[in-house]
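Subject: Structure handover

Hello,

My notes on it follow below.

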Amino acid sequence: PRPILLTRHGESRDNVRGRIGGDNVLSDKGEIYAKKLANFVEKRLKSERAASIWTSTLQRTILTATPIVGFPKIQWRALDEINAGVCDGMTYEEIRKNMPEEYDARKKDKLRYRYPRGESYLDVIQRLEPVIIELERQRAPVVVISHQAVLRALYAYFADRPLKEIPHIEMPLHTIIEIQMGVTGVQEKRYKLMD
Ligand code: F6P
């Protein structure tokens with residue numbers, strides 16, 4: 001069976017400041033993760049000639065993939081982070097203070113809540129369909145470097161987790177989730193490369 005490796009990008013400068021969305025570069029810590037990930041992938045997929053690296057179109061995933069050499073890289077817009085619309089670039093605290101109705105509405109129904117001029121989790125789940133079809137079709141390993149909300153949805157698909165749980169699944173930084181799809185079902189391993 002061939003593995004699918006899921007990981008968030010290395011810590012970004014916006015992660016450090018608590019800002020959502022944006023298209024920022026990695027923090028120093030995030031850069032270190034990118035190197036550790038490259039090491040891991042090169043060892044884990046050494047003899048896998050047909051493996052590929054999939055990222056979003058955002059800098060933080062592309063930069064996380066940069067130290068990985070020897071595998072083709074593919075950018076998918078469908079792997080971009082949930083679009084926070086008018087809240088893009090804000091902290092959760094700023095949203096709570098300046099747009100309390102939006103904050104409360106999201107808290108009440110995080111799955112269905114759609115950011116004004118942005119997306120909901122349900123929107124993200126829907127746009128991931130072509131990615132999932134292509135992942136299922138692949139015979140070789142794939143490393144998916146994406147974002148918190150998107151990876152919650154992808155992971156839930158493979159781990160068969162219920163829809164309503166998706167927005168609340170823990171998806172830590174600097175951790176690789178390896179999914180193996182075999183005849184007896186799905187197996188999962190986690191590698192926490194750093195804090
Ligand atoms: O904070 C990082 C981040 O990827 C944001 O860009 C995004 O809006 C958020 O996580 C998604 O997580 P949640 O749905 O819990 O707000």
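The model is predicted. It contains an open sheet of six strands with mixed pairing, ordered E3-E2-E4-E1-E5-E6. At the edges stand strand E3 (73-75) and strand E6 (185-192); each has a single partner strand, so one side of each lacks a neighbour in the sheet. On average, neighbouring strands are turned by 20° against each other, direction ignored.

Strand E1 (residues 3-8) and strand E5 (residues 175-182) run antiparallel and are joined by five bridges. Ile4 has Ile179 in E5 as its bridge partner. Helix H8 (residues 148-159) packs on the sheet, where it touches E1, strand E4 (142-146), E5 and E6. The direction of H8 makes about 155° with that of E1.

**The nonpolar core**

The largest nonpolar core has 41 residues. Leu6, Val143, Val144 and Ala153 have the most contacts inside it. Two or more residues each come from E1, helix H2 (28-44), strand E2 (52-55), helix H3 (59-65), helix H6 (121-127), E4, H8 and E5. H8 gives the largest share, six residues.

Apart from its neighbours within four places in sequence, Val144 is in contact with Ile4, Leu5, Leu6, Trp54, Leu79 and Leu154. Ile4 is also the residue bridged to Ile179.

**The ligand shell**

Which residues surround the ligand? They are Asn15, Ile20, Gly21, Glu81, Ile82, Ala84, His147, Gln148, Ala149 and Pro167. By class, this shell has five nonpolar, four polar and one charged residues.

**Two backbone points to check**

Arg117 has a phi near 60°, a positive value in a residue other than glycine. Arg117 lies in the loop between helix H5 (100-108) and H6. Is Arg117 buried or exposed? Arg117 counts as exposed, because it has 11 C-beta neighbours inside 10 Å, and the cut-off for exposed is 12 or fewer.

His174 also has a phi near 60°, again positive in a residue other than glycine. The place of His174 is in the loop between H8 and E5. His174 has 20 other C-beta atoms within 10 Å and is therefore buried, the cut-off being 20 or more.

Regards

Methods:
Residues numbered from 1 in each chain as written. Predicted model: local features only at pLDDT ≥ 70, side-chain atom pairs only at ≥ 80, totals over all residues. Pairing = 2+ DSSP bridges. Helix = DSSP H or I, 4+ residues; strand = E, 2+ residues; numbered from the N terminus. Axes fitted to C-alpha atoms, helices over the stretch in contact; angles between N-to-C directions. Contact = placed C-beta atoms within 7 Å. Near = placed C-beta within 6 Å. Nonpolar A, V, L, I, M, F, W, Y, C, P; charged D, E, K, R; others polar. Core = buried A, V, L, I, M, F, W, Y, C linked by C-beta atoms within 7 Å.
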